[in-house]
Amino acid sequence: MVARLVIAAPSSGAGKTTVATGLMAAFAGRGLAVSPHKVGPDYIDPGYHALATGRPGRNLDAYMCGTGLIAPLFAHGARGCDLAVVEGVMGLYDGAADQGELASTAQVSKLLRAPVVLVVDASSQSRSVAALVHGFASWDPEVRIGGVILNKVATDRHEHLLREALGESGVPVLGVLRRAPAVATPSRHLGLVPVAERQAAAVSAVAAQAEQVRAGCDLEALLALARSAPELHTEPWVPEVAGARAGGPGEPVLARTASGGIPVTGRAPAPRVAVAGGAAFTFSYAEHAELLTAAGAEVVTFDPLRDASLPEGTSGLVIGGGFPEVYGAELSANEPLRKAVAELARAGAPIAAECAGLLYLARSLDGRPMCGVLDADARMSERLTLGYRDAVAVSDSVLAPTGARVRGHEFHRTVIEPGAGAQAAWGLRQPERRVEGFVQGGVHASYVHTHWAGAPEVAARFVERCAGGPVA
């Protein structure tokens, strides 16, 4: 039994992240163990959540992982905590395009049996706020809106008018927040600037958000609302169990002696999987490393901006998403590491690259030399590519056999030419039919982000290849 709240809003831009992060930090400051969660595929907000709570920010994505995994993944992240705060995505009832309520904050709140706190941007309205809140509260009777936090309130008079109007709605006001520049978080072409890039400034912003929430919200009422959530009947997701069900490496593999002599039968040492991190590669789901570890890998991180070589003994490489376009000069200047990555690829080692990782493996990015693993060139674009994707593997790779289906997400303002190699990675059905990505030796590189909790066989297969398992 974990007390829990979902922080939602009528639309994007109302202040969900400020309120959710501020609540997490405020409750953590009281000595509570707070579990942070984010609805949808967002990578950036969970970084601020982790800063506020000292725990990994975890995503709850019903599209990529399936509705049946939402409660188990939540229970996994919230194990041992006093309170869980779940930040919603977009508007409360907005989900995957043309998929009804799928992947919406409303759907996740129902799957978690969690009360919802609606954050309303009250600027430029007074009595109309009651009609807005009434509409959201009555739209789906299975969604329990337990209170409202009014954001961007201008004056005491404005607050009085808002409270008076909402007094007739039956939905209690649990907080009133004024405009506060100190809590603002700068944005860039793909959303907020990640924590890893701001460091001290991010710490200050989260502290200011916590103070604003403490001053303007009824924390006792919010905690009581969270504790009113009914028991959630679910078993926590366990990476070891998920990996075993997916068919992780089972039989011992052939391992060579230390002198490189005759192979002997026995379980090989754990393959070392290097995972890119640092300011340029901040997009990663916590469950990925957990699944790699559960499949038998030793996971180590490295920073392509700072490290001149890969971790010693690297058997496989995972390069996730991030902002290589922002750090193109620094990544290009680290020539020793670029050469090491290219050499690893030439040796046939398993390499999984998503979005930013794809760009890093290209020949160039905005005219600057990258690793040169792929015969392709990338550049920034004015066009935003955004949305969920249904994907099928069109080439056998270290991540999936031909014909395997996964659900993923694209989110980038770059293009790569060509968009697919001689052996493409995925065939996509939405929004238009096309193939994309590259499968080349042990390399799988694509724009499509995937959540391996929804496809744990991907991690099991990758580790098996890193351990020298069969390719087919």
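Me: So, which residues of helix 4 are buried?
Reply: In helix 4, the buried ones are Ile-70, Ala-71, Pro-72, Leu-73, Phe-74, Ala-75, His-76, Gly-77 and Ala-78. Buried here means under 20% relative accessible area, exposed is over 50%, and partly exposed is in between, with a 1.4 Å probe and protein chains only. Helices are DSSP runs of H or I with at least four residues, strands are E runs of at least two, and both are numbered from the N terminus.

Me: How many is that out of the helix, and what does it tell us?
Reply: 9 of the 9 residues of helix 4 (residues 70-78) are buried, so the helix is largely enclosed by the rest of the structure. Just after helix 4, Gly-80 has a positive phi of about 80 degrees.

Me: Before I go on, what are the ground rules here?
Reply: This is a predicted model, so local features need pLDDT of at least 70 and side-chain atom pairs count only at pLDDT 80 or more, while totals for chains, interfaces and linings use all residues. Residues are numbered from 1 along each chain as its sequence is written, and side-chain values use heavy atoms, with hydrogens and water left out.

Me: Which residues lie nearest its centre?
Reply: Ser-12, Asp-42, Val-89, Met-90 and Leu-386, out of 43 lining residues. Strand 18 gives the most to that lining, with 4 residues. Helix 1 (16-29), strand 9 (191-192) and strand 19 are among the elements that each supply at least two.

Me: And what's the lining like by class?
Reply: The largest pocket has 19 nonpolar, 17 polar and 7 charged lining residues. For the classes, Ala, Val, Leu, Ile, Met, Phe, Trp, Tyr, Cys and Pro count as nonpolar, Asp, Glu, Lys and Arg as charged, and the others, Gly among them, as polar.

Me: How about the second largest pocket, what's its volume?
Reply: That one is about 750 Å³. It is lined by 35 residues, and Phe-281, Thr-282, Phe-283, Ser-284 and Tyr-285 are the closest to its centre. Helix 12 supplies the largest share of the lining, 4 residues. The lining of the second largest pocket splits into 22 nonpolar, 12 polar and 1 charged.

Me: Back to Ser-11. Where does Ser-11 lie?
Reply: Ser-11 is in the loop between strand 1 (3-8) and helix 1. Ser-11 is partly exposed, at 38% relative accessible area. Leaving out neighbours within four places in sequence, Ser-11 is in contact (heavy atoms within 4.5 Å) with Lys-16, Met-90 and Gly-91.

Me: Switching to Asn-151: buried or exposed?
Reply: Asn-151 counts as buried, at 7% relative accessibility. Asn-151 lies in strand 6 (residues 145-153), and its side chain reaches the backbone oxygen of Ala-14 at 2.9 Å. Not counting residues up to four places away in sequence, Asn-151 touches Ala-14, Gly-15, Val-119, Val-120, Asp-121, Ala-122, Ser-123 and Leu-177.

Me: And Ser-395, where does that one lie?
Reply: Ser-395 is in the loop between strand 18 (377-393) and strand 19 (405-417). Ser-395 is buried, with a relative accessible area of 8%. A polar atom of the Ser-395 side chain lies 2.7 Å from the backbone oxygen of Ala-424.

Me: Last one: which residues touch the most other members in the largest nonpolar core?
Reply: Leu-112, Leu-150, Leu-222 and Leu-292, in a core of 111 residues. Helix 1 gives the most to this core, with 7 residues. A nonpolar core is a set of buried Ala, Val, Leu, Ile, Met, Phe, Trp, Tyr and Cys residues joined through side-chain atoms within 4.5 Å.

Definitions and conventions:
Polar contact = N/O pair within 3.5 Å; in protein donor to acceptor, adjacent residues only side chain to side chain. 1 Å grid on protein atoms, 1.4 Å probe; cavity = no way out; pocket = protein on both sides within 12 Å on 5 of 7 lines; lining within 4 Å. Points joined across faces, edges and corners; volume = space filled by probe spheres on them.
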